[in-house]
Amino acid sequence: MTQYERMKAGLLYDPCDGEIMREQLTYQDRLWAFNQLKPSQWEEKSRYLQEVFAQCGENCYIELPLRANWGGRNVHFGSNVYANSNLTLVDDGEIFVGDRVMFGPNVTVATANHPIDPELRAKGLQYNRDVYIGENAWIGAGVVIVPGVHIGANTVIGAGSIVTRDIPDNVLAVGNPCRVLRSVGEHDREYFYRSERIDWEALEASLG
């Protein structure tokens with residue numbers, strides 16, 4: 001079994017293997033060019049997402065710069081995904097992102113990990129575990145999501161959290177390590193910030 005095959009099988013492998021590096025560098029070169037685009041170059045940005053990402057739905061937008069080990073090649077975006085600047089996708093494994101997910105600035109989503117055993121780690125070995133983020137989730141500024149984590153639909157991860165375990169649907173979760181604080185529910189239908197109420201009628205009128 002080659003190192004590339006071991007990587008795809010989720011086994012320990014050498015990420016500096018020649019076959020792996022040759023392919024990875026082609027995507028890193030494309031990512032470098034992507035990060036040079038001007039804010040007004042919407043079509044070129046969209047073309048990159050469609051051509052390089054494993055999957056990308058409609059109306060997705062990433063504020064530059066984007067950091068990604070494989071340029072996004074192993075990233076699956078649904079539709080209407082928005083990512084603020086300095087999103088880091090350690091996409092040696094697969095990253096699955098549902099529709100209408102929002103990323104705050106300086107978020108890291110990691111799939112690559114290294115063995116605890118010092119002898120193996122000294123050899124530069126790693127393994128990958130996929131990450132899943134459910135639809136309509138909001139990942140706050142500075143969040144770190146570690147390999148193998150599943151985050152549920154409609155869930156909010158508070159700014160600065162370190163997500164080390166699965167988080168269910170429809171909750172607000174915060175902290176290091178990230179834990180569920182409460183469910184998302186009727187309170188959030190009435191208040192948008194602390195004690196400030198949502199003016200539903202005026203809001204809907206303004207949106208047409």
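View 1. Buried means under 20% relative accessible area, exposed over 50%, and partly exposed in between (1.4 Å probe, protein chains only). The model is predicted: local features need pLDDT of at least 70, side-chain atom pairs count only at pLDDT 80 or more, and totals for chains, interfaces and linings use all residues. Residues are numbered from 1 along each chain as its sequence is written, and side-chain values use heavy atoms, with hydrogens and water left out.

**View 2. Phe-103 and Ala-83 in contact.** Contact means heavy atoms within 4.5 Å. Neighbours within four places in sequence are set aside for Phe-103. Its partners then include Phe-77, Val-81, Tyr-82, Ala-83, Leu-87, Ile-133 and Ile-139. Ala-83 is found in strand β5 (residues 82–83). Ala-83 counts as buried because its relative accessibility is 0%. With neighbours within four places in sequence again left out, Ala-83 is in contact with Tyr-61, Ile-62, Glu-63 and Phe-103. Ile-116 is 33 residues from Ala-83 in sequence and 32 Å from it in space, C-alpha to C-alpha.

**View 3. Helix α2, its cap and its cover.** Helices (H or I, at least four residues) and strands (E, at least two) are DSSP runs, numbered from the N terminus. Helix α2 spans residues 18–34, 17 residues in total. From first C-alpha to last it reaches 24 Å, close to the 24 Å expected at 1.5 Å a residue. That expected span is 1.5 Å times one less than the number of residues. Asp-17 caps the N-terminal end of α2, with a side-chain oxygen 3.2 Å from the backbone nitrogen of Glu-19. Ile-20, Gln-24, Tyr-27, Leu-31 and Phe-34 are buried in α2. Their cover includes α1 (3–8), α3 (42–52) and β3 (66–68).

**View 4. The two faces of helix α3.** Lys-45, Tyr-48, Leu-49 and Val-52 are buried in α3. They cover an arc of only 95° around the axis, so they lie on the same side of α3. The arc is that of the directions from the helix axis to the C-beta atoms. An α-helix has 3.6 residues a turn, so residues three or four places apart point the same way. Trp-42 and Glu-43 are exposed on the face turned away from the buried side. Cover for the buried residues includes α2, β1 (55–56) and β2 (61–62).

**View 5. An open sheet of five strands.** The order is β1-β4-β7-β12-β15, with parallel pairing. Two strands pair if DSSP finds at least two bridges between them. β1 and β15 (150–151) stand at the edges with a single partner strand each, so one side of each has no neighbour in the sheet. Strand β12 (residues 131–133) runs parallel to β15, joined by two bridges. Ile-133 stands opposite Ile-151 in β15.

**View 6. Strand β18 between β16 and β19 pairings.** Strand β16 (residues 156–157) pairs with β18 (residues 171–174) in the parallel sense over two bridges. Here Ile-157 stands opposite Ala-173. Four bridges join β18 to β19 (residues 179–183), and these strands run antiparallel. Val-171 has Ser-183 as its bridge partner, and Leu-172 has Arg-182. β18 and β19 form a hairpin with four residues between them. Gly-175 in the turn has a positive phi of about 105°.

Methods: Polar contact = N/O pair within 3.5 Å; in protein donor to acceptor, adjacent residues only side chain to side chain.
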